[in-house]
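I opened this entry to keep a record of what I looked up, going from the whole chain down to a single position.

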Amino acid sequence: MDSVDEHAEGLVVGVDSGGSGLRIALADATGGAVLGTVASREPVRTGPGGISAAHFLEQVLPAVRELLAPHGTRPVLAVAVGAAGMATLGEELRAELPGAFAVAWGVRRLALAADAVTAYAGALGQHPGAVVAGGTGMIALGTDLASWRRADGWGHLLGDCGSGAWIGRAGLEAAMRAHDGRRGGSEALLARAEKLFGPAAGLPGALYPRTDRPAVLASFAPEVGRCAADDPVAAGILGRAARHVAEAAEAVCPDGPDARVALTGGLFRLGDPLLVPLRAALAELVPHARTVTAAGDPLAGAVALAAGLAGGTLRLPEDPALLRLFGGEPA
């Protein structure tokens with residue numbers, strides 16, 4: 001089969017690995033149309049060597065075998081994996097996945113990316129700009145297609161400013177201020193905190209021993225959003241969060257009239273109480289960039305990376321921590 005026929009008949013695999021589990025897609029190499037998906041709610045384990053390649057393969061190989069079954073002998077031309085923690089914990093994946101995929105499917109081309117990169121590719125494709133991915137945490141990633149710039153994503157103790165955890169913590173602080181009778185408190189947030197977590201005085205004992213503190217904090221962010229229309233303290237928290245998100249976008253967004261900014265992730269489902277001040281802050285801080293709706297999610301971004309790699313059209317820049325490419329050019 002010559003290279004033109006191979007590409008026309010070829011398939012690509014995209015994988016999105018995060019804290020809530022794995023999602024895997026099989027797609028046409030030409031155009032990236034998704035042919036099937038498989039999801040697992042079991043997150044890939046992390047051990048002394050970082051993200052476990054063995055546990056990753058234990059889930060991915062059977063799932064892809066299932067997806068490939070209806071497609072006969074069509075070859076897998078490229079694979080792209082986006083994983084939370086790839087930048088700092090992905091050494092084992094980078095060492096083992098190229099060989100494992102070559103043995104399993106004869107695949108020659110592989111992209112291993114931080115989840116922020118697949119979020120970027122899903123949201124903006126291969127256009128210059130900035131993407132802010134917000135959920136429990138928050139990270140901004142931007143590129144001029146020559147290099148990447150990152151802002152925040154440093155966790156709830158050192159950063160993630162404006163994230164769900166940040167909003168939730170600020171809301172709970174305002175609740176505790178109201179409990180104490182201090183300035184800056186919110187009776188509305190105190191009532192919601194006690195409804196969710198019990199008496200305010202017991203909140204430190206309920207929260208501090210938890211190993212999932214960021215998620216617990218973030219679980220209170222929707223309550224801040226619900227109070228914002230009638231409570232100036234809650235509205236002020238979301239206004240400050242919006243400013244933090246816009247500052248992260250400003251830090252990574254390239255200059256130039258073609259730059260775009262997109263928002264992706266569950267944080268922005270808080271809706272207008274967050275989005276209205278955020279749009280205003282973006283217009284002030286990155287006035288040259290056009291704010292657009294994210295085209296797709298991180299799994300769509302992984303498929304787009306794989307399809308670009310298979311066709312030799314991938315323009316997003318390599319980076320030792322953020323995006324590593326393996327294999328030669330298409331034959």
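I am working from a predicted model, in which local features need pLDDT of at least 70 and side-chain atom pairs count only at pLDDT 80 or more, while totals for chains, interfaces and linings use all residues. Residues are numbered from 1 along each chain as its sequence is written, and side-chain values use heavy atoms, with hydrogens and water left out.

**Whole chain.** I found 13 helices and 13 strands in the protein chain, where helices (H or I, at least four residues) and strands (E, at least two) are DSSP runs numbered from the N terminus. Along the principal axes, the C-alpha atoms fill a box of roughly 75 × 45 × 30 Å.

Of the 331 residues, 49% count as buried, meaning under 20% relative accessible area, with exposed over 50% and partly exposed in between (1.4 Å probe, protein chains only). Among contacts (heavy atoms within 4.5 Å) with a separation of 6 or more, 67% join residues 24 or more positions apart.

**Thr73.** I located Thr73 in the loop between helix 2 (53-68) and strand 6 (76-83). Thr73 counts as exposed because its relative accessibility is 80%. Glu9 lies 64 residues from Thr73 in sequence, yet their C-alpha atoms are 9.4 Å apart in space.
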